[in-house]
There are 2 protein chains.
Amino acid sequence: MDGTVEATAQIDPSPAPEGPIRPGRKRDHTRDPEIMTAAIDVLAEVGYERMTVDMVAARAKAGKATLYRRWPSKADLVLDAVGCMGAAKAGPLPDTGSLRGDLVALLSPRTVHDADHKLKVMLGLASVTAHSPELAESIREAFLEPRAAVTRALLERAKERGEISPSCDVGLLSRVSSSMVISRAMFEHRPVDRAFLLSVIDGVIIPAAGVGPAAGR
Amino acid sequence: MDGTVEATAQIDPSPAPEGPIRPGRKRDHTRDPEIMTAAIDVLAEVGYERMTVDMVAARAKAGKATLYRRWPSKADLVLDAVGCMGAAKAGPLPDTGSLRGDLVALLSPRTVHDADHKLKVMLGLASVTAHSPELAESIREAFLEPRAAVTRALLERAKERGEISPSCDVGLLSRVSSSMVISRAMFEHRPVDRAFLLSVIDGVIIPAAGVGPAAGR
DNA sequence: GATTTCCGGAACTGAACGGTTCCGTATATG
DNA sequence: CATATACGGAACCGTTCAGTTCCGGAAATC
């Protein structure tokens, strides 16, 4: 994964031994992002197994052959699409002065909404993770890790300023929220809304971090 | 789900208007449990999508036709199999005197091992949960809920005896462990072993429950 | 022993889908 | 304008698999 927004060029077997310049149309890579988003959307809607390459082509108004000209298989297409999604910006950390304030600040409607979209994509990919550690890792990198990294940073800062227990396991705590979100969506089929996220913050993360009751509220 | 070990009789369209008693063989339900376990095993090994009815029949040394005689579709077969799995015994709660002791007592090698098997089944079913809330609910009931119920009971007892904070959210905390297990297995592909489970207990649940540091250890 | 019903097993049917090929058209080079 | 290539679209191929049907044999009832 190169972290850019364009689709990664899969492979270029020709080691560029340039013969005479050939006439003809060039490959139109300007539409690659549309194809990637089409793939992601279909994925979110029907999941990997029910997603067909035809669906993606149709949604992107491209020919199926065009897709196969660029990605050797459905799996590669999806892998690339997921990789491209990782290329989100990392806005500056919130800094409200308290850990709880910072965590709550992450819950803007905007953030919650597109986390929801990403969540659907993840659920759609759930079945594949077992057979493809490679894809599982891509998913983790694109969806889980960025969020966890932010949380981890907030926790570390809080620890440095002595707000939370110096012994608490920051790495583990930073993964609590996403884990609970996933299993709620997957097996409880209940909405992952602001109220739920708040209850995780106030019912698990904050107390587990060793903030005395009522501190920072 | 009836909670018994035998497969649930799917439907019995005949309202028992008994004509003269007919000769002939009766349906042999003694092998149903074998079929159910075969289904569960295949599910754990290859997941719902790659599981074929032939595989199940072969493993149970039954004919595919026999399976279809009993369950109208692959989905029903799986649903029933999952339902049958819920019928585990609930041993007596551990009672070591401290919440941590009780939670650790749940981590016997036996328990951890078959939790691992159940986990594989859940991962195999992950893809279907999105399309079938019914199955998602069955899974929750068969795999998640029993474990959560035990944890919840332990937490409530600890709360009653004043060991943990009276304000802590027992319902939420009882789901922390399974959530973290699922996402670890699914996206991190790291082993769900005793060490990890201990770190969840000591790094999240115990401190989140408001046990003062070093209490009960 | 005749009859009825189930069994396991194998062959069959039909649909879905990954992947390929072909076609008519558009576009860029020379 | 000629050539070469990529495009969208559709037809096509081969496989896999859910679900059905048919068979010979074994039980259970009569």
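A salt bridge is taken here as a side-chain nitrogen of Lys or Arg within 4 Å of a carboxyl oxygen of Asp or Glu. By that criterion, Glu188(A) forms a salt bridge with Arg175(B), with the closest N and O atoms 2.9 Å apart, and the count between chain A and chain B is two salt bridges.

This is a predicted model, in which local features need pLDDT of at least 70 and side-chain atom pairs count only at pLDDT 80 or more, while totals for chains, interfaces and linings use all residues. Residues are numbered from 1 along each chain as its sequence is written, chains are lettered from A and ligands numbered from 1 in the order in which they are written, and side-chain values use heavy atoms, with hydrogens and water left out.

Chain A averages a pLDDT (the predictor's confidence in each residue, from 0 to 100) of 89, and 88% of its residues score at least 70. Over residues 1-18 of chain A, however, the pLDDT is below 50. Where pLDDT is low, the predicted coordinates should not be read in detail.

**Between the two chains**

The contact (heavy atoms within 4.5 Å) takes 33 residues from chain A and 33 residues from chain B. The buried area, meaning the accessible area (1.4 Å probe) that two parts lose on being put together, summed over both, is about 3,100 Å² between chain A and chain B, and carbon and sulfur atoms give 68% of it. His131(A), Leu172(A) and Phe187(A) supply 22% of the area that chain A buries against chain B, more than any other three residues.

**Around DNA strand D**

A residue is near a strand if one of its heavy atoms lies within 4 Å of it. Of the 28 residues around DNA strand D, Arg31(A), Thr66(A), Arg70(A), Ile21(B) and Lys64(B) come nearest, and sugar and phosphate account for 65% of the atoms of DNA strand D that come within 4 Å of the protein.

| Residue | Protein atom | Distance to a phosphate oxygen of DNA strand D |
|---|---|---|
| Arg31(A) | polar side-chain atom | 2.6 Å |
| Val53(B) | backbone N or O atom | 3.2 Å |
| Asp28(A) | backbone N or O atom | 3.4 Å |

Among helices (DSSP runs of H or I, at least four residues, numbered from the N terminus), α3 (64-70) of chain A and α3 (64-70) of chain B each supply at least two residues of the surface near DNA strand D, and α3(A) gives the most, with four residues.

Note on methods: A polar contact is a pair of N or O atoms within 3.5 Å; within protein, one must be able to donate a hydrogen and the other to accept it, and residues adjacent in sequence count only if both atoms are side-chain atoms.
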